[in-house]
Amino acid sequence: MLSEPQFADSLPLLVAKDMLIFRSTVLASDGDLEGAFGAAEKIERLAKENAVVWYDAARCYSICSDTSGLTKTSDGETAVEVRQRCTNAALRCLSKAIDCGFKNLARLQIDPDLKSLRGNREFQSLLKRIGKT
């Protein structure tokens with residue numbers, strides 16, 4: 001039997017990505033931020049130079065950064081630490097998506113999965129980077 005996100009290794013890229021997005025979203029909504037983060041990490045490893053896959057990894061990390069109701073993780077990480085780790089990962093993946101050719105400024109501005117990033121200065125800088133291309 002295949003372990004958690006290992007199942008994705010045997011699937012075509014876009015199918016694997018979609019299944020991992022679903023997994024990450026469900027786990028995050030159930031409060032399993034570590035599991036959701038793990039699925040987002042797997043998407044990131046699959047991305048290579050695919051701008052859309054990098055973007056989707058960023059979406060998953062951003063969803064994980066909504067730590068409402070979380071006080072500590074099983075390894076003692078605080079909600080603030082989880083939020084920062086997930087935000088940093090989301091911004092890193094968005095930057096990589098832009099490097100790989102992602103140019104959909106409107107999508108970044110309205111995607112509900114990115115709401116946790118909108119007030120972030122680095123996110124605003126990424127929007128400006130797209131606006132200049």
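Student: What makes the reach of helix H2 close to the expected one?
Tutor: Helix H2, residues 33–47, has 15 residues and reaches 21 Å from its first C-alpha to its last, close to the 21 Å expected at 1.5 Å a residue. The expected span is 1.5 Å times one less than the number of residues. Helices here are DSSP runs (H or I, at least four residues), numbered from the N terminus. This is a predicted model, where local features need pLDDT of at least 70, side-chain atom pairs count only at pLDDT 80 or more, and totals for chains, interfaces and linings use all residues. Residues are numbered from 1 along each chain as its sequence is written, and side-chain values use heavy atoms, leaving out hydrogens and water.

Student: Why is H2 called largely enclosed by the rest of the structure?
Tutor: Because 12 of its 15 residues are buried, where buried means under 20% relative accessible area with a 1.4 Å probe, protein chains only. Among them are Leu33, Phe37, Ile43 and Leu46. Their cover includes helix H1 (13–29), helix H3 (51–64) and helix H4 (79–99).

Student: Why are H4 and H6 called roughly parallel?
Tutor: Their packing angle is about 5 degrees, with the axes 10 Å apart. Axes are lines fitted to C-alpha atoms over the stretch in contact, and angles run from 0 to 180 degrees between N-to-C directions. Angles under 35 degrees count as roughly parallel, so H4 and H6 get that label. Leu91, Leu94, Ser95, Ile98 and Asp99 of H4 make the contact (heavy atoms within 4.5 Å) with Glu122, Phe123, Leu126, Arg129 and Ile130 of H6.

Student: How do you know that Asp111 is buried?
Tutor: Asp111 has 9% relative accessibility, so it counts as buried. Its place is the loop between helix H5 (105–110) and helix H6 (121–132).

Student: What makes the pairing of Asp111 and Tyr55 a polar contact?
Tutor: The side chains are joined at 2.5 Å. The definition asks for a pair of N or O atoms within 3.5 Å; within protein, one must be able to donate a hydrogen and the other to accept it, and residues adjacent in sequence count only if both atoms are side-chain atoms.

Methods: Helices (H or I, at least four residues) and strands (E, at least two) are DSSP runs, numbered from the N terminus. Buried means under 20% relative accessible area, exposed over 50%, partly exposed in between (1.4 Å probe, protein chains only). Angles under 35 degrees count as roughly parallel, over 145 as roughly antiparallel, 65 to 115 as roughly perpendicular and the rest as oblique.
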